[in-house]
Amino acid sequence: MPIAPWRSLLATLLIALIAVACGSVPSRRVVAMSSTAVEERGAVNLVFSRETSGVIVSVDGQLVIEGATLEHLRINDVPSGYVELAIAADGVERQMRVWVDSGKTTSLPIGAAPMPPQQSPVLTAGLSVLALLISRSVSTLLF
């Protein structure tokens, strides 16, 4: 018995949604810089050590990407020669000067430090008061 075309489409859509929900879609992006009069161009690969959120990248002061969550970023059509890269991700900022060869790809590994877990201010204040009470009790008993 042949499957109706809409059922096949529905099954494909369901599989795609499950794949996205499970995070199996790679977090890669490819962007291109806007054209200028420079003829010689190359590419820059930024490879983060883990999936990083809130990624902002600019090349020579030109914003390339903003607010992305990714692990790998390829920037095409970068003018060859020295370029100034500014990268902000997960609250950490980096600036560097990188040489880009014409017709080649320059790859840069970027170590992404894990974000510290969010702490409750009430819990932190409670632990501070408890530590103060314990230290006063110990000092009263010993002295």
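What pattern does the protein chain follow, read along the sequence? The answer is α-β-β-β-β-β-β-α. That comes to two helices and six strands. Helices (H or I, at least four residues) and strands (E, at least two) are DSSP runs, numbered from the N terminus.

A word on the source. This is a predicted model, where local features need pLDDT of at least 70 and side-chain atom pairs count only at pLDDT 80 or more, while totals for chains, interfaces and linings use all residues. Residues are numbered from 1 along each chain as its sequence is written, and side-chain values use heavy atoms, with hydrogens and water left out.

Now confidence. pLDDT is the predictor's confidence in each residue, from 0 to 100. The chain's mean is 80, and 76% of its residues reach 70 or more. Among the elements, strand β4, residues 81-89, has the highest mean, 93. Helix α1, residues 5-21, has the lowest, 59.

Next, burial. Buried means under 20% relative accessible area, exposed means over 50%, and partly exposed is in between (1.4 Å probe, protein chains only). Of the 143 residues, 26% count as buried.

On to the rings. Rings of Phe, Tyr and Trp (its six-membered ring) pair if their centres lie within 6.5 Å; planes under 30 degrees apart count as stacked, over 60 as edge-to-face, the rest as tilted. The count comes to one aromatic pair. Tyr 82 and Trp 99 form it, edge-to-face, 5.0 Å centre to centre, with 75° between the planes. Tyr 82 lies in strand β4 and Trp 99 in strand β5, residues 92-100, so the pair ties together parts 17 residues apart in sequence. Tyr 82 is exposed, at 51%. Trp 99 is partly exposed, at 44%.

The charged end of Arg 97 sits over the Tyr 82 ring, 4.5 Å from its centre. The rule: NZ of Lys or CZ of Arg within 6 Å of the ring centre and within 35 degrees of the ring normal.

Stay with strand β5 for Met 96. Met 96 is partly exposed, at 23%.

Last stop, helix α2, residues 121-142. Leu 141 is in this helix. How exposed is Leu 141? Its relative accessible area is 75%, which counts as exposed.
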